[in-house]
Amino acid sequence: LNVLFTRAKDRVEVFTSMRPSDINASEGSNLGVHALRDYLEYAETGRLETGETTGREPDSEFEEFVRDRLREKGFDVVSQVGVAGYFIDLAVKHPKRSGYLLGIECDGASYHSSRSARDRDRLRQQVLERLKWNIYRIWSTDWFHNPEEELRRLIGCLEGLLRDEA
């Protein structure tokens with residue numbers, strides 16, 4: 001795999017009958033199995049880092065509330081996905097392929113406890129977007145003021161991303 005990935009001069013064309021999600025790469029799997037799955041994911045999505053499920057709980061009740069509303073609408077949502085040394089509050093899994101469709105940032109407890117949070121969040125979002133993540137920010141004040149409208153906007157964003165891929 002190393003030779004395949006590193007020797008191309010101009011481009012690489014990938015032809016395969018399997019999807020990244022067809023490769024079962026568990027913690028005990030050979031490193032090559034993980035590399036092939038990750039490479040196929042990159043070839044399909046253009047994302048260098050697709051995110052790792054951490055098993056961490058949401059940081060706030062607000063995140064839980066948003067996650068639960070999305071799950072009620074049929075979306076598969078994971079809390080605290082690790083990407084490039086950061087944790088994305090919520091990540092919506094892509095319904096038709098492996099990986100994630102959207103990362104959702106919620107302004108939870110850590111946001112309000114730091115004066116430099118906006119600058120830090122802006123830098124963080126730039127890093128994630130360079131890694132080809134779609135990021136959606138939800139402000140708790142807007143959500144609690146009008147949760148139906150904010151949920152409608154969020155679902156509209158998700159549906160728009162799916163339409164754009166078609």
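Two rings of Phe, Tyr or Trp count as a pair when their centres lie within 6.5 Å, and planes over 60 degrees apart make the pair edge-to-face. With that in hand, look at this predicted model and find Phe62, Phe65, Trp143 and Phe144, which form one aromatic cluster.

The count of aromatic pairs comes to 5. One of them joins Phe62 and Trp143, edge-to-face, with 6.3 Å from centre to centre and 65° between the planes. This pair links distant parts of the chain, since Phe62 sits in helix α3 and Trp143 in helix α6, 81 residues apart. Buried means under 20% relative accessible area. Phe62 comes in at 6%, so it counts as buried, and Trp143 is buried too, at 1%. Phe62 also pairs with Phe144, this time tilted, at 5.3 Å and 50°. As for Phe65, Arg69 lies over its face, 4.3 Å from the ring centre.

Now move on to the largest nonpolar core, which has 19 residues; Val66, Leu70, Ile104, Ile138, Leu154 and Leu158 have the most contacts inside it. Helices α3 and α7 and strands β3, β4 and β5 each supply at least two of its residues, with α7 giving the most, 5 residues. Leu70 is a handy place to start: among the residues it touches are Ile104, Leu151, Leu154 and Leu158. Apart from this core lies another one of 10 residues, including Val81 and Ile135.

Finally, follow α7 itself. Its buried residues include Leu151, Leu154, Ile155, Leu158 and Leu161. Why that spacing? An α-helix has 3.6 residues a turn, so residues three or four places apart point the same way. The buried residues of α7 pack against α3, β3, β4, β5 and α6.

Conventions:
Residues numbered from 1 in each chain as written. Predicted model: local features only at pLDDT ≥ 70, side-chain atom pairs only at ≥ 80, totals over all residues. Heavy atoms only, no water. Core = buried A, V, L, I, M, F, W, Y, C linked by side-chain atoms within 4.5 Å. Buried < 20%, exposed > 50% of the residue type's maximum accessible area, 1.4 Å probe, protein only. Helix = DSSP H or I, 4+ residues; strand = E, 2+ residues; numbered from the N terminus. Contact = heavy atoms within 4.5 Å. Phe/Tyr/Trp six-rings, centres within 6.5 Å; stacked < 30°, edge-to-face > 60°. Lys NZ or Arg CZ within 6 Å of the ring centre and 35° of its normal.
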